Amino acid sequence: MELEMQNEALRVSQAAMELSRDRYADLFEFAPVGYVTISAQAMIAEINLTACELLGLERSKLVNCRFSKFVSEQDSGRWRMMFHKMLKQTETADQTFDLEMTRADGSIFFAHLVCLRREITDVQSLLRIALVDITKLKIAEAKLRIASTVFESQEGMLVTDAEGLIIAVNASFSGITGYSAEEVIGKNPSLLSSGRHDAAFYAAMWDSLKRLGFWEGDIWNKRKNGEVYPEHLIITVVNDQNGKIQNYVATLTDITMSRSAADEIRLLAFYDQLTGLPNRRLLLDRLKLALASSSRNGKEGGILFLDLDNFKTLNDTLGHDIGDQLLQQVARRIESCVREGDTVARLGGDEFVVMLEDLSEQPLEAAEQVEAVGKKILARLNQTFQLATHEYRMSVSIGATLFQNHQTGLDDLFRQADIAMYQAKKEGRNTLRFFDPLMQASIYARATLEAQLRDAIEHGQFQLYFQVQVDSSRRALGAEALLRWLHPERGIVLPVHFVPLAEETGLILPIGNWVLETACALLKVWQDDASTRNLTLSVNVSARQFHEAGFVARVQEAMQRHGINPGLLKLEPTESILLENLDATVATMNALKTIGVSFALDDFGTGFSSLQYLKKLPLNQLKIDQSFVRDLASDNSDQAIVRTIIAMAQSLSLEVIAEGVETEEQRGMLQESGCMHFQGYLFGRPVPIAEFEALLAKG
Ligand code: C2E
Ligand code: MG
Ligand code: MG
């Protein structure tokens, strides 16, 4: 009975032992870690199933096999060293290291080894090794290493989270933008935005990112120091496993210096280099699109033509660098007055164009919208500019026009805005004018006249007429040369119809030179003839001529070339010339006086007629304007004026001549008041030279 009980206890404990051995065996065999025991002879003594699977062989083929057979060639030297070291070392702490291993089929894997030395007898020890496959980890690590090397590359890199907030930037990014990582992390990349791209540009970018997961292009960005620069930008969307957006990765290259030729050409082709604004070509492109879309949606669009007032003077006085600075600042200010989608372009020089889209469908309302923007720009540009050390104030003239369903095309649109701008200039500058069709007709007529005038100069269509000037006994003292244009279709054209335009366009300079030449040639002929040798010739000069540099030299040269007596040439500036710049005028007149030329002041009485400046001028004669002579007989105040002028002339010891004398009565009254010289139809009309000389011969 006792024995039976003992047997039973043994059986139970044996069963329990078996169970625990099985449990241990399962644990050993199927643990997620490979276990290998290696003998001191470096043979595999024991190995679990996980390790067998790792090495790719059945257990029977592995036991008593050299472990080093499974160490890759590259790591075999290292393994041998480690192995011997471990067997010899005294302390029993475990050793860990990574090893590149080869499976039975020759494929490679990376293993992480934890090794423990166990002494079985005094002379024999074993090595127990736990072995984990870390291939995936290694690959991930390598990838990470590659990624971080790539990240720190030449190109600027920026990574944002799904919300578009910056989470990482590399060193090149900081180099390009001037922002350190700390300054930008957590911020939106829009802090780099230059403001030079419109909403449409960004909309297209987002569209591409959404549809293709990718955008590439050139873009103007702004550095921390405010400098705007061109960069080549690639943005890639990074999705997570579920296809949800996880990051945006941007690669940016500063192409200021190293733009590829194609980029360069594109930038040069479409953007103004100085201000970075779209140039004329890009503006025209956009205008075409705008015209099309406005005729589709029925909304008005508008363009504003801006021309800085007196920009040339700034350039001439403070230099081109300052001028450039102004243009850049003007560009930014105009941009600040318009919406994102509007275009601000620079046409060149000091000309800018603003294109507004999507205005009201009602032309009047649209015009008000355009005007509002124009006024805003005027006000903004009227504020003081800081140009280096100079404080500068300026104004701008703006011409505006609307387009919707525009029939006439781009060129006309431009011309209209240009015409309106010109009108704004004419009406005193610093103002805005809308285009109106009547204005266009008159401008067109002017343009035609200007072209014909140029033709006239080239083809010698001018002629001088001569009107006699006489003394109180009707003796001829000389003549005034009066210009006529022999127009091939219109016949004789009087100066009133073309001299003002010639003055405005500067064409009066070549015309005036021709008059001077012709007058000098005639004086020479008169001078060489006994009957005409004392005749003087009066020549009208315009302000433009008078203020032209080299005018004195030109007169002197003409007189010398023709060998004429300077005293016979009389120049007739009008009062208005003198008012423009008194000091310069006095200097010019004195210089001419020194070489013997004399002066008659034309149209006297119609300007300021101040004694103050008359005293300063080296004049010989005052010419009473014909408007006072015309009604002399009936108008008391004209009589008073004429008497005052004559008294004034006498007090300054100047000769006085009356022009426009048509009647004997006028002549009589003038003479009674002390005027002894006359010119007018009463004595002779202006006539061509042959007729004039015939008249002289008759006496
Ligand atoms: P102005 O110098 O005051 O010339 C006098 C104008 O009065 C001339 O007009 C002349 O034909 C006109 N006239 C002369 N006598 C009489 C008269 O008894 N009754 C009336 N009603 N008119 C008379 P014209 O030739 O048409 O010239 C007009 C203006 O054109 C001139 O005024 C002068 O300012 C300008 N002009 C003429 N020739 C030249 C020129 O060669 N160069 C420049 N810059 N201007 C010129
Ligand atoms: Mg005259
Ligand atoms: Mg006159």
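Arg667 is buried, since its relative accessible area is 15%; buried here means under 20%, exposed means over 50%, and partly exposed is anything in between, with a 1.4 Å probe and protein chains only. You'll find Arg667 in helix 26, residues 664-672. Helices (H or I, at least four residues) and strands (E, at least two) are DSSP runs numbered from the N terminus. Setting aside residues up to four places away in sequence, Arg667 touches Ser472, Val661, Phe678, Leu682 and Phe683, where contact means heavy atoms within 4.5 Å.

A word on what you're looking at: this is a predicted model, where local features need pLDDT of at least 70, side-chain atom pairs count only at pLDDT 80 or more, and totals for chains, interfaces and linings use all residues. Residues are numbered from 1 along each chain as its sequence is written, chains are lettered from A and ligands numbered from 1 in the order in which they are written, and side-chain values use heavy atoms, with hydrogens and water left out.

Now the whole chain. It has 27 helices and 26 strands. Its radius of gyration is 50 Å, well over the 27 Å that the globule rule gives for 699 residues, so the chain is more spread out than a compact globule. That radius is taken over C-alpha atoms, and the rule is 2.2 Å times the number of residues to the power 0.38. Along its principal axes, the C-alpha trace spans about 180 × 55 × 45 Å.

Of the 699 residues, 44% count as buried. Among contacts with a separation of 6 or more, 58% come from residues 24 or more positions apart. The chain exposes about 36200 Å², with carbon and sulfur atoms supplying 54% of that; these areas come from the Shrake-Rupley method with a 1.4 Å probe, and for residues only the protein chains shown count as cover.

Back to single residues. Thr431 sits in the loop between helix 15 (410-426) and strand 17 (432-434). Thr431 counts as buried because its relative accessibility is 14%. Its side chain makes a polar contact of 3.4 Å with the side chain of Arg433. A polar contact is a pair of N or O atoms within 3.5 Å; within protein, one must be able to donate a hydrogen and the other to accept it, and residues adjacent in sequence count only if both atoms are side-chain atoms. Leaving out residues up to four places away in sequence, Thr431 also touches Leu378, Val396, Ser397, Ile398 and Ala424.

Here are some partly exposed residues:

| Residue | Relative accessibility |
|---|---|
| Ala372 | 46% |
| Glu517 | 27% |
| Asn310 | 44% |
| Arg474 | 43% |

Ala372 belongs to helix 14, residues 363-382. Glu517 is part of helix 18 (residues 508-527) and, neighbours within four places aside, is in contact with Ala558, Arg561 and His562.

Then there's backbone phi. Most residues other than glycine have a negative phi. Asn310, which is not a glycine, has a positive phi of about 55°, and its place is the loop between strand 11 (301-308) and helix 12 (311-318). Arg474 also has a positive phi, near 65°, and lies in the loop between strand 18 (462-470) and strand 19 (476-487).
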